[in-house]
Amino acid sequence: MLDGKTKLSNLKRTYLMNTLVDFQDIISQLKYINPVKYANTRNFINGDVTRLSPYISRGVISTRHVFQSLLQRGYTLENAEKLIQELAWRDYWQQVWVNKGEAINEDLKRPQEDVENHEMPRSLADAETGVDAVDAAISELYQTGYMHNHVRMYTASIACNMGHSAWKTPARWLYYFLLDGDWASNALSWQWVAGSNAGKNYVANQQNINKYCFTRQKGTFLDVDYSQFENIKTPEVLKETFIPELKTPLPESKISSVRSDLPTYIYNWYNLDPKWDEQVKANRILLLEPSIFEKYPISSKSMNFMLALTKNIAGIQIFTGEFDDFVHQYNLDDIHFKEHPLNKNYRGTEHPRDWMFNVEGYYRSFFAFWKKCKKDWKFSISQSET
């Protein structure tokens, strides 16, 4: 069972995830980030992580925003590299999505091996795998919309490498409940665990889980030496599979007026930036396209979280419907939106996202991408010193 220290950590996370929706409260968390403690503790479920992931994923703040705040506080590549590198992973996954598009919805680099079904273990969704730390994390996911990144890897490994489920169905299930749901990061990370986006798959045994989750459990199907994993057949508890029903509860449109003589700024699940051209007098619309949420569904908790975050955007109104229907209904021609792979059907002025570094394009490995990022960082420093 989880000890008191872990439960306290969970309560702190629950509080933060359920209360921080005001922009100034979110920004205030930047000063509490400790990159040194992060590097030393991030793999433990009570580690000193930033807890800013939902706000980065929702576009309230950017990786560049967090990066700049660290520089302003005097951190450097030497003492903050691990945190900055982890932030860079977010941009890397997004760049893969930008450049590969729909290809990220299939095995990207090689076929996932030993696939026995295209569903997911029912016991995983029911938080009844018998692995206490994972079951507790799934229960917490349903309550808070949060799951520690290390436990996400455990969860994906149980589904794909123990239950031999193809990665996509359980990946959609996890994305559905995550407040920080980012399809690129989620899908490509699941593929990395399943081995279809890496040279081999990822497995963790019970000893590893006990270490990072503060449990002392024995006798589970993961309580084996790593050398035994290749010979493990699907555990009985993972054999019953199903496809979860994932539907997005979309709110009704709430629009009082849209002026065709003003520019119209489009916000969505991936862009809720309250500072985006805030000085411009404009129609500001949260666009909820049913076609997007049918393909990438999110939970009612995630929907409510998004709607709460929109309160930081002055005058924003909600349109539930497709982009073309919105533009036609209000006879608009001056449309503004931020670049994103899911916005390919938008027409108008595309604004760039705030990437952390000036590095774009597809890199086959993260570390090739990261090498370019470090070079860009050092170049920026040299330019500022001349």
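Predicted model: local features only at pLDDT ≥ 70, side-chain atom pairs only at ≥ 80, totals over all residues.

Q: What makes α9 roughly antiparallel to α12?
A: It comes down to the crossing angle. The axes of α9 (residues 149-162) and α12 (residues 206-213) cross at roughly 160°. Anything over 145 degrees counts as roughly antiparallel, so α9 gets that label against α12. The two axes come within 11 Å, and α9 passes α12 in a left-handed crossing.

Q: Which residues meet where α9 and α12 touch, and how do they divide into nonpolar, polar and charged?
A: From α9 you have His150, Val151 and Tyr154, and from α12 there are Asn208, Ile209, Tyr212 and Cys213. Sorted by type, that contact has five nonpolar residues, two polar and no charged ones.

Q: How do you know whether Asn186 is buried or exposed?
A: Check its relative accessible area, which is 7%. The cut-off for buried is under 20%, so Asn186 is buried. Asn186 sits in helix α11 (residues 183-194). Leaving out residues up to four places away in sequence, Asn186 touches Ala171, Leu174, Tyr175 and Leu178.

Q: And what about Thr169, buried or exposed?
A: Thr169 has a relative accessible area of 17%. With the limit set at under 20%, Thr169 counts as buried. You'll find Thr169 in helix α10 (residues 168-177). Setting aside neighbours within four places in sequence, the contacts of Thr169 are His118, Glu119, Met120 and Pro244. Take Met120: Thr169 and Met120 are 49 residues apart in sequence, yet their C-alpha atoms are 6.4 Å apart in space.

Q: Why is the pair Arg122 and Glu240 called a salt bridge?
A: The closest N and O atoms of Arg122 and Glu240 are 3.0 Å apart.

Q: Why do Arg122 and Glu240 get their accessibility labels?
A: Exposed means over 50%, buried means under 20%, and partly exposed is in between. Glu240 has 52% relative accessibility, so Glu240 counts as exposed. Arg122 has 30%, so Arg122 counts as partly exposed.

Q: What makes Asp273 and Lys338 a salt bridge, and where do the two residues lie?
A: Their side chains meet at 2.9 Å, N to O, and the limit is within 4 Å. Asp273 lies in the loop between β3 (264-267) and β4 (283-288), and Lys338 in strand β6 (residues 335-338), so the pair ties together parts that are 65 residues apart in sequence. Both Asp273 and Lys338 are buried.

Q: How do you know that Arg347 and Asp324 pair up?
A: The closest N and O atoms of Arg347 and Asp324 are 2.6 Å apart, which is set against the limit of within 4 Å. Arg347 lies in the loop between β6 and β7 (349-351) and Asp324 in helix α15 (residues 323-330), so the pair ties together parts that are 23 residues apart in sequence. Arg347 has 47% relative accessibility and so counts as partly exposed. Asp324, at 43%, counts as partly exposed too.

Q: How many salt bridges turn up in the whole structure?
A: A search finds 14. There is also a network of salt bridges linking Arg42, Lys82 and Glu86.

Methods:
Residues numbered from 1 in each chain as written. Heavy atoms only, no water. Axes fitted to C-alpha atoms, helices over the stretch in contact; angles between N-to-C directions. Helix = DSSP H or I, 4+ residues; strand = E, 2+ residues; numbered from the N terminus. Parallel < 35°, antiparallel > 145°, perpendicular 65-115°, else oblique. Left-handed = near helix turned anticlockwise from the far one by under 90°. Contact = heavy atoms within 4.5 Å. Nonpolar A, V, L, I, M, F, W, Y, C, P; charged D, E, K, R; others polar. Buried < 20%, exposed > 50% of the residue type's maximum accessible area, 1.4 Å probe, protein only.
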